[in-house]
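Biologist: Please show me the chain, and then let us go through it by question and answer.

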Amino acid sequence: MSETIIPDAPQNASDVLESQELNLSEKTLAEIIAVFENLKCSADAMTRSKEAEAIKAAFYRKLNKEKTDEDPLEAIEEGFKSLYADYKARRAEYNREQEAAREENLRLKLAVIEDLRALVDGQEDVSSTFPAFREIQNRWREVGQVPAQRFRDVNDSYQFLVEKFYDMVKIDRDLRDLDFKKNHEAKLVLCDMAEKLSENENVIEAFRELQKLHERWKEFGPVAKEYREQIWDRFKEATSIINKKYQAHFQNMKSQQAENLRLKAELCGKLEAIAAKAGEGIESSNLWNSLSSEIEALQAEWKKIGFATKSENQKIYERFRAACDSFFAKKRDFYAVCKDRINENLEKKMSLVERAEALKDSTEWKAATEEFIELQKKWKEIGAVPRKKSEQIWKRFHAACDEFFAEKEKALKQDSPRHYGQQGYQRQNSASRSPKDALVRKYNALQQEIANFENNIGFFTVSKNAESLIAQMREKIEEGKKELRALEEKIRNAEKEQN
């Protein structure tokens, strides 16, 4: 049995940093810099160089993705470089100090070993050697870490001499038992601490603390032979529990990450299908908005899913981001074209407004009416204009139309007494014509007038101020249709008389 073991390491020694790197992949540049500043200001900043490297790598991945020819983000990059250079300089100085300290500790521990070797090889009696042995043990524990490459051989040399001291030197049994007892009590405390750690739900923290307990275990000498196997097995059992939980934690994390990758791949497929559909020449703003809502829903779902495996997380994110960028680029292109088209429509409608305002005072009722009807048709055929201008130009156009038709209606009412006074003359004048011809001409004229009224009603229904005029037009249309039916009957009768 040996009391020198190193707790099981995870299958991948970088697993702890993996979570840190993944956690940074979707942060903004400002957020990544803030994370680095927090690390730089922390009390243990100098011992977290691997985390600093992970943050640096994440920063440059994000920077390279976001910078463009128009915005190279130079100020942000220079700011981070300055922060990192300061940290690196401090870290280098810290490493030099630590290396010097470890070299000094190595020198001190080698001196302790030489003193212990001299004590073991000496022939002094127990009463003089045991106090010296205790003093050597205390000196050993007070010395800090040595260079990693020398730790094992230095520690093995010390432990070998300690055991040789106990096994070879004939010391007083009471003093030896007392030392064994003190070592036993100290190791029982370490067992208690290890067992408590085995219940810690934070398996990463428990694993880290376990390493410290193993270092402390090595600082104490042996216990009585009858307890050595028992106490070591107890400490080893707690160690095994923590190691198994640690391994299981990372295995579960990898399984979950694999499932997250599958879910994210499904979202990518859905998003890519929408992006492809967007490239099929969509001409409806409503459909673009509907697809945008679908994209936003997928983005919200993406945020709920955890990280994928380290090797795939950045790739799947870039695939998702590329599909989003593709869709919104097409949407921007669509609205850029729409903006040009809307501005063209505005120019066209402004031309109609200007023509309507120039025509509204005309008393050439027939010609002006026909032109107004044509202007109205063109207005309907022209598409949307900028929303801020739409109501303004519509009011101008409608006001011009309203004014003209209102004046025309007044003129028609004034002409009505004269119309009745002229009926006798018209009847006399029409006697020289064929009765059927007169009826047909009257029928055609009335039919055209009804068509004009109906067209105007279709145009003015969007106006709140034309209700009275619309009511009058509807009445005239109904009267005209009745007269048409009567004329049809008269025309048929005229045809019979001619035959």
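This is a predicted model: local features need pLDDT of at least 70, side-chain atom pairs count only at pLDDT 80 or more; totals for chains, interfaces and linings use all residues.

Modeller: Residues are numbered from 1 along each chain as its sequence is written, and side-chain values use heavy atoms, with hydrogens and water left out.

Biologist: How many helices and strands does the secondary structure of the chain come to?

Modeller: Helices (H or I, at least four residues) and strands (E, at least two) are DSSP runs, numbered from the N terminus. On that count the chain has 16 helices and zero strands.

Biologist: What percentage of the 499 residues is buried?

Modeller: Buried means under 20% relative accessible area, exposed over 50%, and partly exposed in between, with a 1.4 Å probe and protein chains only. For the 499 residues of the chain, the buried share is 35%.

Biologist: Are α2 and α3 roughly parallel or roughly antiparallel?

Modeller: Helix α2 (residues 29–41) and helix α3 (residues 49–66) have axes 10 Å apart and pack at an angle of about 165°. Angles under 35 degrees count as roughly parallel, over 145 as roughly antiparallel, 65 to 115 as roughly perpendicular and the rest as oblique. The angle therefore makes α2 and α3 roughly antiparallel.

Biologist: How many nonpolar residues does the contact of α2 with α3 have?

Modeller: Contact means heavy atoms within 4.5 Å. Among the residues that make it are Ile32 and Phe36 of α2 and Ile55 and Phe59 of α3. Ala, Val, Leu, Ile, Met, Phe, Trp, Tyr, Cys and Pro count as nonpolar, Asp, Glu, Lys and Arg as charged, and the others, Gly among them, as polar. By class there are no polar residues, three charged ones, and a nonpolar count of 11.

Biologist: How far apart are the axes of α10 and α11?

Modeller: Axes are lines fitted to C-alpha atoms, for helices over the stretch in contact, and angles run from 0 to 180 degrees between N-to-C directions. Helix α10 (residues 285–304) and helix α11 (residues 310–359) pack at about 160°, so α10 and α11 are roughly antiparallel. Their axes are separated by 11 Å.

Biologist: Is isoleucine 204 buried, partly exposed or exposed?

Modeller: Isoleucine 204 lies in helix α8 (residues 203–219) and touches Tyr246, His249 and Phe250, not counting residues up to four places away in sequence. With a relative accessible area of 21%, isoleucine 204 is partly exposed.
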